Amino acid sequence: MKLTASQIAELAEYLESAHLERREVVKITDRYPDIDMDDAYAIQNQVRQRKLARGEKVVGLKCGLTSYAKMQQMGVETPIFGFMTDAYVVPEASEIRMAELIHPKVEPEIAFFTKTPIRGPGCDIGAVLAATDFVMAAIEVIDSRYRDFKFDLVSVIADNTSATRFIVGGKATPVADLDLAKLGVVMEKNGKVEMVGAGAAVVGHPATAVAMLANHLAASGEEIPAGSIILSGGITEAIPVQAGDSISLQVQSLGGVTTRFV
């Protein structure tokens with residue numbers, strides 16, 4: 001690590017304040033160019049502690065940079081990871097106020113709901129599927145606090161991987177009879193198809209991303225708790241939204257989920 005405890009606390013306040021006040025800031029590496037990934041996750045953890053102290057509850061975790069092309073571009077061998085609180089939950093088919101966001105984008109995901117803890121090291125697809133109660137279709141709303149949605153790897157990790165809102169919907173479906181890698185997805189904006197893809201876009205299989213998350217947590221003695229919601233990563237590129245946009249996601253075998261920005 002390159003930062004002191006006081007610098008980590010300072011940057012956590014900087015990023016969380018930007019989130020709460022819905023304003024853009026310059027990326028943290030403009031101020032501290034030598035920050036490493038350990039620093040970035042330490043800042044993210046401090047952001048989480050600030051939200052817990054504010055009364056929010058962590059309801060789940062999320063994976064980002066889950067395509068091999070994105071990982072190669074960013075120079076990493078695994079996805080990056082963040083957390084989600086109850087303040088990020090949006091009921092299915094409800095509205096999201098643009099006034100609460102900065103410059104949001106949406107992406108289609110498969111959400112895992114766990115019935116038992118998932119632990120690393122050595123976690124694999126089989127362990128993830130055995131611990132999964134069911135999966136659902138999900139729309140994640142990402143909203144970087146950085147100016148013009150531009151950042152580097154450590155800056156986005158510190159900013160909790162741009163997490164801000166998520167919506168789950170459709171059918172709560174057991175994984176036993178599903179091939180998650182082959183599930184097709186179609187995302188529409190205002191009735192027009194914007195993105196199509198399949199579960200395999202997420203590191204070959206969405207459960208692989210969840211296993212990587214469990215192995216990442218194991219390095220610091222943590223696990224994925226039972227009763228968690230895990231967003232396994234964007235299946236397609238994210239698309240920008242603005243007030244008046246309606247978003248609809250259909251996932252093969254899982255049904256659909258919708259939301260509207262106002």
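Analyst: Start with Ala-172. In this predicted model, Ala-172 has a relative accessibility of 47%. Ala-172 lies in strand β6, which covers residues 163-173. Beyond its neighbours within four places in sequence, Ala-172 is in contact with Phe-134, Val-135 and Met-136. Ala-130 and Ala-172 are 42 residues apart along the chain, and their C-alpha atoms are separated by 16 Å.

Next, the surrounding record. UniProt lists residues 78-261 as "domain: Fumarylacetoacetase-like C-terminal", in an unreviewed entry. Over residues 78-261, the chain is 39% strand and 14% helix. The end C-alpha atoms of that stretch are 32 Å apart.

Now another strand, β7. This strand spans residues 184-189 and holds Val-186. The relative accessible area of Val-186 is 31%, so Val-186 is partly exposed. Together with Val-193 and Val-196, Val-186 forms a nonpolar patch on the surface. The three have about 230 Å² of accessible area together.

The largest nonpolar core has 82 residues. Those with the most contacts inside this core are Ile-28, Ile-43, Val-106, Phe-112, Ile-224 and Phe-261. Helix α6, residues 206-218, gives the core its largest share, 8 residues. Leaving aside neighbours within four places in sequence, the contacts of Ile-224 include Leu-61, Thr-114, Pro-117, Val-210, Leu-213 and Ile-230.

Technical notes:
Residues are numbered from 1 along each chain as its sequence is written. This is a predicted model: local features need pLDDT of at least 70, side-chain atom pairs count only at pLDDT 80 or more; totals for chains, interfaces and linings use all residues. Side-chain values use heavy atoms; hydrogens and water are left out. UniProt positions are given in the numbering used here, feature names are shortened, and annotations may be inferred rather than shown by experiment. Helices (H or I, at least four residues) and strands (E, at least two) are DSSP runs, numbered from the N terminus. Patches are made of residues with over 30% relative accessible area and no salt bridge: like charges are joined within 9 Å, nonpolar side chains (Val, Leu, Ile, Met, Phe, Trp, Tyr) within 5 Å. Accessible areas come from the Shrake-Rupley method with a 1.4 Å probe; for residues, only the protein chains shown count as cover. A salt bridge is a side-chain nitrogen of Lys or Arg within 4 Å of a carboxyl oxygen of Asp or Glu. Buried means under 20% relative accessible area, exposed over 50%, partly exposed in between (1.4 Å probe, protein chains only). A nonpolar core is a set of buried Ala, Val, Leu, Ile, Met, Phe, Trp, Tyr and Cys residues joined through side-chain atoms within 4.5 Å. Contact means heavy atoms within 4.5 Å.
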